[in-house]
Amino acid sequence: MGYLGGFLVSFRQQRLAGGKVLTNEYPKQKRPKPERLHGRHVLNRYEDGMEKCIGCELCAGVCPARCIYVRGADNPADDPVSPGERYGYVYEINYLRCIHCDLCVEACPTEAITESKLFEFSFTNRADAIYTKAELVVDDEGKPQQMPWEDWSDEATALPHTSAWVRATAPSGNAAYEGRVGWSGELGFGVRAPERGQDGEDPVPAAPEDTGAHGHDDDHGHDDHDHGSGHH
Amino acid sequence: MDPLFNDGVDLAVVLIVVFKTVAVFAFLLVCTMLMIWFERKLISDMQNRIGPNRAGPWGIGQTMADGVKLFFKEGLLPDRSDRTIFRLAPYLAMVPAFVTFAIVPIGGDFSRGNNGIISLFGHDTFLQLADPPVGILVALACSSIAVYGVMLAGWSSGSKYPLLGAVRASGQMVSYEAALGLSVVTVVLATGAGLSTHAIVAAQMADKWTLLTSGVVPFGIFFLAATAELERPPFDLLEAEQELVAGFNTEYAGIRFALFYIAGFMNPITMSALITTLFLGGPSGPAPIGPVWMWSLVWWFLKVIALLFVFVWMRATLPRFRYDQLMDLGWKVLIPLSLAWLLIVAALRVGTDEGWNMFVVLGVCTVVLLACGGMLSLASRMGAERRQLGELEG
């Protein structure tokens with residue numbers, strides 16, 4: 001048809017002629033969020049209500065954007081905040097600087113800080129951009145706290161997923177541990193089940209061949225091993 | 001001539017003319033507003049998008065919102081602009097769009113020898129603002145004046161892109177005006193009713209649309225040339241965003257830009273109205289029940305909307321022409337074709353009047369046209385060869 005065929009093509013795109021609208025009317029209808037989306041952080045608690053954060057400041061140290069400010073303090077003997085010796089006394093994240101790289105989550109030794117899938121927020125002043133401990137710590141049901149400027153309209157899919165990355169591979173992101181529980185329980189959720197496998201299949205938790213991740217780090221002559229591919 | 005002026009001009013006649021003027025002005029502005037919305041909505045539909053949907057139901061108030069925004073924006077005057085002309089240009093683009101519409105008959109009862117006369121406040125008149133004896137020539141004149149709006153806007157901006165856009169625009173509009181005018185001549189010949197738009201419409205009643213009586217070719221030529229004259233896609237080289245930012249109106253902002261914008265969307269409406277008048281029988285159409293003049297308005301409006309749909313459809317479908325392709329289409333295809341068709345229509349008309357044998361007339365026409373076409377293609381081929389040689393040597 002040459003030129004005229006093109007007219008048919010554009011005509012057929014109309015809704016009355018059976019075309020489909022591809023636009024997603026975003027705030028009204030939301031697409032499902034990616035499994036490992038990095039949203040804003042939460043500070044998790046143990047199942048007994050204790051905070052996981054021990055105030056070690058590793059997250060603050062690793063943060064490339066320098067957006068985390070932590071001060072640790074000794075737990076009060078009569079009313080401890082965390083199970084250990086110390087706890088996070090001040091914890092602030094500046095979301096004007098955060099790049100959601102998740103390095104803090106990787107650095108955290110107690111899985112205290114994880115990222116939720118909440119990213120749809122727009123504050124109107126700089127003070128609101130700084131989330132303090134009061135906003136970051138999960139509530140008594142283990143859910144993040146909603147700020148007035150946060151859009152939670154697809155709450156059901158976004159809310160329970162506050163630690164997806166941690167549950168995908170652990171520890172230290174080692175793929176051999178995929179599907180094996182290596183994390184502690186969380187308030188409101190208990191010990192969470194592992195995420196599905198990376199290729200979408202149900203992972204079969206196979207025991208790693210060596211007895212633990214430490215053996216790999218020390219590298220006691222396991223030259224022929226899969227993991228030791230990078231050492232010289 | 002409009003029967004309104006038959007009994008001299010008194011106050012009532014003046015008031016009726018003023019009323020008609022205001023009515024046409026308001027009608028055209030409202031139509032433009034709706035046209036902008038219609039175009040945006042339709043083209044987004046054809047591109048699998050939603051289009052404006054925030055202001056009012058189906059986003060119908062979007063143009064209003066945009067207009068209000070533009071009216072409150074700062075009207076910038078570039079430092080190097082020619083200030084007087086810079087201020088004048090938008091009106092030069094706007095006024096012809098209005099004036100052209102004045103000669104379009106938008107309705108009227110043409111049945112049983114009524115000649116499209118309606119009664120307005122006790123005076124007989126036509127359903128069109130003006131019916132000058134030169135008729136359709138006003139439209140051609142206005143489209144020539146519209147070139148000045150674009151050209152002066154580009155020139156007075158004192159900036160490169162607008163100037164390039166203006167140069168492109170003037171070349172394009174002048175080229176296509178020839179084809180436009182020639183197909184109008186064909187229409188005038190085919191109807192044989194003179195230049196008056198009212199007479200042209202009256203001659204097309206009883207389903208004798210010029211579209212058919214002149215053969216379909218002049219309609220096609222006029223439509224293509226009109227699209228080029230309107231600077232609409234695929235002929236929108238003068239504001240090719242990828243090359244010229246926004247072409248002639250790059251330096252315009254605020255209300256002056258709004259005027260160009262309105263003119264740009266009003267022109268398709270007036271042009272569709274003209275095509276309806278010239279080729280589609282204007283307001284002609286069946287009137288099953290009720291007054292005929294009302295039906296004529298409905299038919300006229302439907303035809304215009306159908307043409308506007310095609311304009312938008314073309315925009316959604318066709319990619320922009322290259323400038324040499326544009327010139328080739330204008331000078332090597334449309335103008336020779338319209339000349340040839342004019343020759344055929346004229347020969348047939350003279351043949352009918354003189355009682356000549358039609359087969360002989362058509363045969364002679366064919367021979368002449370074949371000879372002309374052969375010479376034309378030979379000329380263009382030689383020109384192309386010479387250009388190639390020049391490139392090789394240069």
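Colleague: Which residues of helix 1 of chain A meet helix 11 of chain B?

Modeller: In this predicted model, Gly6(A), Phe7(A), Ser10(A) and Phe11(A) meet Trp313(B), Ala316(B) and Thr317(B). By class, the residues of this contact are four nonpolar, three polar and no charged.

Colleague: Why are helix 1 of chain A and helix 11 of chain B called roughly perpendicular?

Modeller: Two packed helices are described by the angle between their axes and the distance between the axes. Helix 1 of chain A, residues 3-12, packs against helix 11 of chain B at an angle of about 100 degrees, and the axes are 9 Å apart. Angles of 65 to 115 degrees count as roughly perpendicular, so the two helices are given that description.

Colleague: What does each chain bring to the contact as a whole?

Modeller: Chain B brings ten residues and chain A twelve residues. On the side of chain B, helix 1 (11-46) and helix 11 (292-317) each supply at least two residues. Helix 11 gives the most, with three residues. The side of chain B that touches chain A has five nonpolar, three polar and two charged residues.

Colleague: How many of the residues in chain B are buried?

Modeller: Buried residues make up 43% of the 394 residues in chain B. The cut-off for buried is 20 or more other C-beta atoms within 10 Å. In chain A, 24% of the 232 residues count as buried.

Colleague: Why is Ile99(A) called exposed?

Modeller: Ile99(A) has 11 C-beta neighbours inside 10 Å. The limit for exposed is 12 or fewer, so Ile99(A) counts as exposed. Ile99(A) is found in the loop between strand 3 and helix 3 (103-107) of chain A. Its C-alpha atom is separated by 25 Å from that of Glu186(A), 87 residues apart along the chain.

Colleague: What makes strand 2 and strand 5 of chain A edge strands?

Modeller: Strand 2 (68-74) and strand 5 (130-131) each pair on one side only. They belong to an open sheet of three strands in chain A, with the order 2-3-5 and antiparallel pairing.

Colleague: How do you know that strand 2 and strand 3 of chain A pair?

Modeller: Pairing needs at least two bridges, and seven bridges join strand 2 to strand 3 (residues 86-94) of chain A, which run antiparallel. Gly72(A) stands opposite Gly88(A) in strand 3 of chain A.

Colleague: What makes strand 1 and strand 2 of chain B a pair?

Modeller: Four bridges join strand 1 (residues 117-120) to strand 2 (residues 123-126) of chain B, and the two run antiparallel. The requirement is at least two bridges, so these strands pair. Ile117(B) stands opposite Phe126(B) in strand 2 of chain B. The hairpin has two residues between the strands, and Phe121(B) takes a positive phi near 55 degrees.

Methods. Residues numbered from 1 in each chain as written. Chains lettered and ligands numbered in written order. Predicted model: local features only at pLDDT ≥ 70, side-chain atom pairs only at ≥ 80, totals over all residues. Contact = placed C-beta atoms within 7 Å. Nonpolar A, V, L, I, M, F, W, Y, C, P; charged D, E, K, R; others polar. Axes fitted to C-alpha atoms, helices over the stretch in contact; angles between N-to-C directions. Parallel < 35°, antiparallel > 145°, perpendicular 65-115°, else oblique.
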